[in-house]
Amino acid sequence: MLTEKEKFEVRGRLWLWESAISECQGILRLLSRNQMEFDTGRPRKRETALDAKFQEFAKQQPDYTPGKIKYSHHKMFFDTNPKEFPCFTDCISITKYGHMLVVVLFCQILNKGNFDEGTVAGNTKHFISTHLNEIVDRLFASKEEKKKFKNFQNQCLNARDQMLGHADGKAFNLNHGEAVSSMKMISSCTDDIDFDYFSNIIESFRIEILKYAEEVSA
């Protein structure tokens, strides 16, 4: 049996879980709208049209060299002709950064968090395994569904622990070359994560956390 104090602490931590998931949900909705705009083709058309104008501008400069783009020309043109938002590259960047933020927020549930006595329980390994496992058991009926969630969970943890929240040298595949060096971009850590899957289950997951929080602290 939990004491009244412990009930408040457990409920407080679960509310923090729900808050993180709610933020993830808001970001995923924004990313969905971003994708819809991207799919219209308008961002690419805007960027292509502006690039064509820049090429014409560069050709009119006295120090123009065919086949070369000079920084001075680029700066002069885009200082007075900013790209309309969102352009093609904006949409790609929004998706990239949005996915990274979703992973970080989701991992608030999975990573250690300090307690605040009387209000929020510590997010310890024991707390996570006890309460998250119970929520997942209630949310998903089949072993296959639970396995899919566990896979998503592990992918997010790996991305956060190796490249987002920390910089694991091996994860970046950095190579030192004589002329050119190479490394993986940080955003590549989310490439294999199924965010469509998360979008489909996120509302049910959020509601289940709240229902469980009320029940466990009753």
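**A residue and its surroundings**

Guide: Val-216 belongs to helix α7. The model shown here is a predicted one, and every value below is computed from it. Is Val-216 buried, partly exposed or exposed? Its relative accessible area is 21%. Because buried means under 20% and exposed means over 50%, Val-216 counts as partly exposed.

Which residues does Val-216 touch, leaving aside its neighbours within four places in sequence? The contacts of Val-216 are with Leu-2, Lys-7, Val-10, Leu-14 and His-131. Between Val-216 and His-99 lie 32 Å in space, taken from C-alpha to C-alpha, and the two are 117 residues apart in sequence.

Helix α1, which covers residues 4-39, packs against α7 with the two axes 9 Å apart and at an angle of about 160°. Angles over 145 degrees count as roughly antiparallel, and α1 and α7 are therefore roughly antiparallel to each other. Their crossing is left-handed. Among the residues that form the contact of α1 with α7, 16 are nonpolar, three are polar and six are charged.

Helix α7 also meets α5, which comprises residues 125-139. The axes of α5 and α7 come within 10 Å and cross at roughly 120°. On the side of α5, the contact is made by His-131, Leu-132, Glu-134, Ile-135, Arg-138 and Leu-139. On the side of α7, Ser-204, Phe-205, Glu-208, Ile-209, Tyr-212, Glu-215 and Val-216 take part. The residues of this contact divide into seven nonpolar, two polar and four charged.

Two loops deserve attention for their backbone geometry. Asn-173 lies in the loop between α6 (143-164) and α7 (195-216). The phi of Asn-173 is near 45°, a positive value in a residue other than glycine. With a relative accessibility of 46%, Asn-173 counts as partly exposed. Phe-85 and Pro-86 are joined by a cis peptide bond, with omega about -5°. As a general rule, most residues other than glycine have a negative phi, and most peptide bonds are trans.

Finally, the whole protein may be considered. How many helices and strands does the secondary structure contain? There are seven helices and zero strands, and the pattern along the sequence reads α-α-α-α-α-α-α. The radius of gyration is 24 Å, well over the 17 Å that the globule rule gives for 218 residues, so the protein is more spread out than a compact globule. The C-alpha trace spans about 80 × 40 × 35 Å along its principal axes. Of the 218 residues, 37% are buried. Among contacts with a separation of 6 or more, 73% are between residues 24 or more positions apart.

How values were computed: Residues are numbered from 1 along each chain as its sequence is written. This is a predicted model: local features need pLDDT of at least 70, side-chain atom pairs count only at pLDDT 80 or more; totals for chains, interfaces and linings use all residues. Side-chain values use heavy atoms; hydrogens and water are left out. Helices (H or I, at least four residues) and strands (E, at least two) are DSSP runs, numbered from the N terminus. Buried means under 20% relative accessible area, exposed over 50%, partly exposed in between (1.4 Å probe, protein chains only). Axes are lines fitted to C-alpha atoms, for helices over the stretch in contact, and angles run from 0 to 180 degrees between N-to-C directions. Contact means heavy atoms within 4.5 Å. Ala, Val, Leu, Ile, Met, Phe, Trp, Tyr, Cys and Pro count as nonpolar, Asp, Glu, Lys and Arg as charged, and the others, Gly among them, as polar. The radius of gyration is taken over C-alpha atoms; the globule rule is 2.2 Å times the number of residues to the power 0.38. Angles under 35 degrees count as roughly parallel, over 145 as roughly antiparallel, 65 to 115 as roughly perpendicular and the rest as oblique. A crossing is left-handed if the near helix is turned anticlockwise from the far one by less than a right angle, and right-handed if clockwise.
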